[in-house]
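Thank you all for coming.

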Amino acid sequence: MAGTETRAKTKKTSNSSILVLCTVFVCGMVGMAYASVPLYRLFCQVTGYNGTTQRVEQYSDVILDKRMKVTFDANTSTGLNWDFRPVDRQVEPKIGETIQVTFKATNRSPVATTGSAVFNVTPMEAGAYFNKVQCFCFTETTLQPGETLEMPVVFFIDPEIVKARETKGIHTLTLSYTFYPSKTEKPVASLPVKTERDETKL
């Protein structure tokens, strides 16, 4: 009889341990799912993977006597009624020269809306050599109805691009931005509708 009780307690303890392990595993997977996006973004920014440009704090101190054409592409996703476009479709700076370009966004909807932009560079191999000193990417931008905002981008192309085997034959880069509706945006609360009972009370 004692042996039966011992086995029952052992089995109960084993089941409890399995339940705890499963709970920890599920919580860990949920946590990794939430962390994967910012970690992937950080990985891309550090390595230039998938055409992600580099973010730097200083300007280039080397300027080559060679130019690189840079074209610009601007898009908005479904759910964001903005007119978003580059002021200049292309520029041709010297490699290593720091320049500023401007993008312009206009809110065409009747309410204030908030968006956030992501970006990439093509060809993807050139992403690690496209250095941004100033950029509006990953920053929430709110526009009032009909409001227009000019957003600068300051960048230079790393002179090392002409030395790397996979990029030395590249002559044109494309910097592309896409604005998405901000996930933190909340709908405007509607006014309560008066009923006949409310009007009677008045």
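Let me begin with Arg67, which has a relative accessibility of 46% and therefore counts as partly exposed, since that class runs between 20% and 50%. Please keep in mind throughout that what you are looking at is a predicted model. Arg67 is found in the loop between β1, residues 54-55, and β2. If we set aside residues up to four places away in sequence, Arg67 touches Glu92, Pro93, Lys94, Ile95 and Glu97, and a polar atom of the Arg67 side chain lies 2.8 Å from the backbone oxygen of Glu92.

Now to the aromatic side chains. A pair of aromatic rings is described by the distance of the centres and the angle of the planes. This structure holds 13 aromatic pairs, and I will take two of them. In the pair formed by Phe84 and Phe179, the ring centres are 4.9 Å apart and the planes meet at 85°, so this pair is edge-to-face, the term used for angles over 60 degrees. Because Phe84 lies in strand β3, residues 82-86, and Phe179 in strand β10, residues 172-181, the pair ties together parts that are 95 residues apart in sequence. Phe84 and Phe179 are both buried.

The other pair is Phe119 with Phe138, where the centres are 5.4 Å apart and the planes are at 55°, so the arrangement is tilted. This pair, too, links distant parts of the chain, with Phe119 in strand β6, residues 113-122, and Phe138 in the loop between β7 and β8, 19 residues apart. Are these two residues buried or partly exposed? Phe119 has a relative accessibility of 9% and so counts as buried, whereas Phe138, at 27%, counts as partly exposed. The charged end of Lys132 sits over the ring of Phe119, 4.5 Å from the ring centre.

These four phenylalanines belong to one aromatic cluster, which also takes in other residues, including Trp82, Phe103, Phe136 and Tyr177.

In soluble globular proteins, nonpolar side chains tend to be buried together. Here the largest nonpolar core has 34 residues, and those with the most contacts inside it are Phe84, Phe103, Phe136, Phe155 and Tyr177. Strands β2, β3, β5, β6, β9 and β10 each supply at least two residues of this core. Taking Phe136 as an example, and leaving aside neighbours within four places in sequence, its contacts include Phe84, Phe103, Met151, Tyr177 and Phe179.

How are some of these strands joined? Strands β5 and β9 run antiparallel and are joined by eight bridges, and Lys104 stands opposite Glu150 in β9. Strands β7 and β9 also run antiparallel, joined by four bridges, with Asn131 having Phe156 in β9 as its bridge partner.

I will finish with Ser109, in the loop between β5 and β6. Ser109 has a relative accessible area of 11%, and is therefore buried. Its side chain makes a polar contact of 2.6 Å with the side chain of Asn107, and a polar atom of the Ser109 side chain lies 2.9 Å from the backbone oxygen of Val111. Beyond four places in sequence, Ser109 is in contact with Asn81, Pro145 and Gly146.

Key:
Residues are numbered from 1 along each chain as its sequence is written. This is a predicted model: local features need pLDDT of at least 70, side-chain atom pairs count only at pLDDT 80 or more; totals for chains, interfaces and linings use all residues. Side-chain values use heavy atoms; hydrogens and water are left out. Rings of Phe, Tyr and Trp (its six-membered ring) pair if their centres lie within 6.5 Å; planes under 30 degrees apart count as stacked, over 60 as edge-to-face and the rest as tilted. Buried means under 20% relative accessible area, exposed over 50%, partly exposed in between (1.4 Å probe, protein chains only). A charge sits over a ring if NZ of Lys or CZ of Arg is within 6 Å of the ring centre and within 35 degrees of the ring normal. A nonpolar core is a set of buried Ala, Val, Leu, Ile, Met, Phe, Trp, Tyr and Cys residues joined through side-chain atoms within 4.5 Å. Contact means heavy atoms within 4.5 Å. A polar contact is a pair of N or O atoms within 3.5 Å; within protein, one must be able to donate a hydrogen and the other to accept it, and residues adjacent in sequence count only if both atoms are side-chain atoms. Two strands pair if DSSP finds at least two bridges between them.
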